[in-house]
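Welcome! Take a moment to look over the model shown here, and then we will walk through some of its features together.

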Amino acid sequence: INLASKKTLRVGTGNAFYGSCDIAFARKGLMPRGPGGRSLGFKAQGLIQDFMITIMAVEFHNGENIFNWVMTLWGGSLFMNSEMVWSLGFLITFTLGGISGMFFPVAGLDTHFHDSYFVVAHFHYVLVGGTIFSFIGGVYYWYPKMTGKMMNERLGLLHFFTSFVFFNAAFYPMHNVGIEGMPRRYATYDESLADLNEFISI
């Protein structure tokens with residue numbers, strides 16, 4: 001995440017990084033709550049209040065990070081090269097993952113979403129959007145600096161757009177399947193969800 005936030009967003013916009021201190025405090029606020037994310041499993045054991053408070057705190061600090069990244073982009077002149085589009089892809093997918101995560105602190109909704117495909121979609125949007133997209137953006141940023149060789153910009157953009165489209169085509173419909181009640185880790189699908197599951201699988 002640091003690769004996308006500190007370097008590519010700042011350099012790609014020409015703006016100073018907005019809220020460096022806020023980001024530092026937000027990350028320090030996330031550290032003690034990271035293990036609390038495991039309360040996803042404790043929810044079933046009756047620790048609803050601990051679960052709700054922990055996840056709400058995580059969402060608050062991630063929202064602060066997203067606000068600072070968006071404000072770094074505000075008013076800048078975006079140069080849409082490979083590392084910048086990967087960083088924007090990171091920002092979009094990570095934000096969508098954060099928005100889907102806001103439903104989990106609500107005990108009534110989480111009871112419905114728990115162990116469903118909605119959790120799978122949320123996990124992949126946060127994990128892939130928050131790590132893989134920013135990592136690849138960092139590779140596109142640092143590779144020419146480390147090797148002295150430029151990467152093919154056209155292939156870099158093609159790499160991003162195909163990855164972004166197919167990533168969203170695979171994982172976004174999982175939110176709908178999860179809302180409909182499809183549990184994860186099942187080998188057979190409900191007939192009413194067979195078409196959507198086939199689309200996701202292909």
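## A pocket and the helix beside it

The second largest pocket has a volume of about 160 Å³. Keep in mind that this is a predicted model. Which residues line this pocket? They are Phe 79, Asn 81, Ser 82, Glu 83, Tyr 140, Tyr 141, Pro 144, Lys 145, Met 150, Met 151 and Glu 153. Sorted by class, the lining holds six nonpolar, two polar and three charged residues. Helix 5 (82-101) and helix 7 each contribute at least two residues to this lining. Helix 7 gives the most, with four residues.

Now let us step back to the whole chain.

At its start, a side-chain oxygen of Ser 116 comes to within 3.2 Å of the backbone nitrogen of Phe 118. Further along, helix 7 has a kink of about 35°, centred on Val 128. Just after helix 7, Gly 148 takes a positive phi of about 80°.

How does the length of helix 7 work out? Helix 7 covers residues 117-147, which is 31 residues, and at 1.5 Å a residue these should span 45 Å. The C-alpha atoms at its ends are 42 Å apart, which agrees with that expectation.

Helix 7 also contains His 122. Is His 122 buried or exposed? His 122 counts as buried, because its relative accessibility is 16% and the cut-off for buried is under 20%. A polar atom of the His 122 side chain lies 3.4 Å from the backbone nitrogen of Gly 101.

For contrast, visit Arg 185, in the loop between helix 8 (153-179) and helix 9 (194-201). Its phi is near 65°, a positive value in a residue other than glycine. Arg 185 counts as exposed because its relative accessibility is 68%, and exposed means over 50%.

Here are the two residues side by side:

| Residue | Relative accessibility | Class |
|---|---|---|
| His 122 | 16% | buried |
| Arg 185 | 68% | exposed |

Conventions:
Residues numbered from 1 in each chain as written. Predicted model: local features only at pLDDT ≥ 70, side-chain atom pairs only at ≥ 80, totals over all residues. Heavy atoms only, no water. Expected span 1.5 Å × (residues − 1). Bend = angle between axes of the 7 residues up to and from the residue. Polar contact = N/O pair within 3.5 Å; in protein donor to acceptor, adjacent residues only side chain to side chain. 1 Å grid on protein atoms, 1.4 Å probe; cavity = no way out; pocket = protein on both sides within 12 Å on 5 of 7 lines; lining within 4 Å. Points joined across faces, edges and corners; volume = space filled by probe spheres on them. Nonpolar A, V, L, I, M, F, W, Y, C, P; charged D, E, K, R; others polar. Buried < 20%, exposed > 50% of the residue type's maximum accessible area, 1.4 Å probe, protein only.
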